[in-house]
Amino acid sequence: MSYAKPYATLIGVVLVAVGLLGFISNPIVGDTNAIFVTGPVHNIVHLATGLLALWVAFGLRGEQQAMGVIGIGVLYLVIFVLLLVSPTLFGILGNGYPVSNADHGLHLGLAVISLAVGWMSRGQTATA
């Protein structure tokens, strides 16, 4: 059984929700008082990567789906490394605040888990 589709669906829904939640004042995601400090560009990145994950879940099949999940893992690994080098992503994030250690942990965790799920799903047949 391939875990690529349910995993990509889960992270897609969560990332889209986080992206939308970032535009609303709350203690989890958003302004400087939140656990995960984001700005409009950061929220759009979450929306975009969430939509990418949903496309992997519902637009790809079989081996391509597994490779898509691996691609998401590589993308978040690159994001993790870039944010270690420049916590404001060279000013692209636009809110002027560096990402927090919580962000670093989340990006690294998402990268490692995505790589593992994608790797284990290679050559497996999807049941749905």
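In the predicted model, the secondary structure of the protein amounts to four helices and two strands, and these elements follow one another along the sequence in the pattern α-β-β-α-α-α. The protein has a radius of gyration of 15 Å, which agrees with the value near 14 Å that a compact globule of 128 residues would have. Along the principal axes, the C-alpha atoms occupy a box of roughly 45 × 30 × 20 Å.

Of the 128 residues, 41% count as buried, and the accessible surface comes to about 6800 Å², with 75% of this area belonging to carbon and sulfur atoms. When contacts between residues at least 6 apart in sequence are considered, 68% of them join residues at least 24 apart.

The packing of the helices is considered next. Two packed helices are described by the angle between their axes and the distance between the axes. For helices α1 and α2, the axes come within 7 Å and cross at roughly 155°; because angles over 145 degrees count as roughly antiparallel, α1 and α2 are roughly antiparallel to each other. The crossing of α1 past α2 is left-handed. On the α1 side the contact involves residues including K5, A8, T9, I11, G12 and V13, together with L15, V16, V18, G19 and L20, and these meet a set in α2 that includes N43, H46, L47, T49, G50 and L51, as well as A53, L54, V56, A57 and F58.

Helix α1, which spans residues 4-21, also packs with helix α4, residues 101-121, their axes coming within 9 Å and crossing at roughly 155°. Helices α1 and α4 are therefore roughly antiparallel to each other, and α1 passes α4 in a left-handed crossing. This contact is formed by A4, Y7, I11 and L15 of α1 with L110, I113, S114, V117 and S121 of α4.

Helix α2, residues 40-59, is in turn paired with helix α3, residues 62-85, with axes that come within 9 Å and cross at roughly 160°, an angle that makes α2 roughly antiparallel to α3. Here too the crossing, of α2 past α3, is left-handed. The residues of α2 that take part are H46, T49, L52, A53, V56 and A57, and they meet Q65, G68, V69, I72, L75 and Y76 of α3.

Terms used
Residues numbered from 1 in each chain as written. Predicted model: local features only at pLDDT ≥ 70, side-chain atom pairs only at ≥ 80, totals over all residues. Heavy atoms only, no water. Rg over C-alpha atoms; globule rule 2.2 N^0.38 Å. Buried < 20%, exposed > 50% of the residue type's maximum accessible area, 1.4 Å probe, protein only. Contact = heavy atoms within 4.5 Å. Areas by Shrake-Rupley, 256 points an atom, 1.4 Å probe, with all protein chains shown as cover. Axes fitted to C-alpha atoms, helices over the stretch in contact; angles between N-to-C directions. Parallel < 35°, antiparallel > 145°, perpendicular 65-115°, else oblique. Left-handed = near helix turned anticlockwise from the far one by under 90°.
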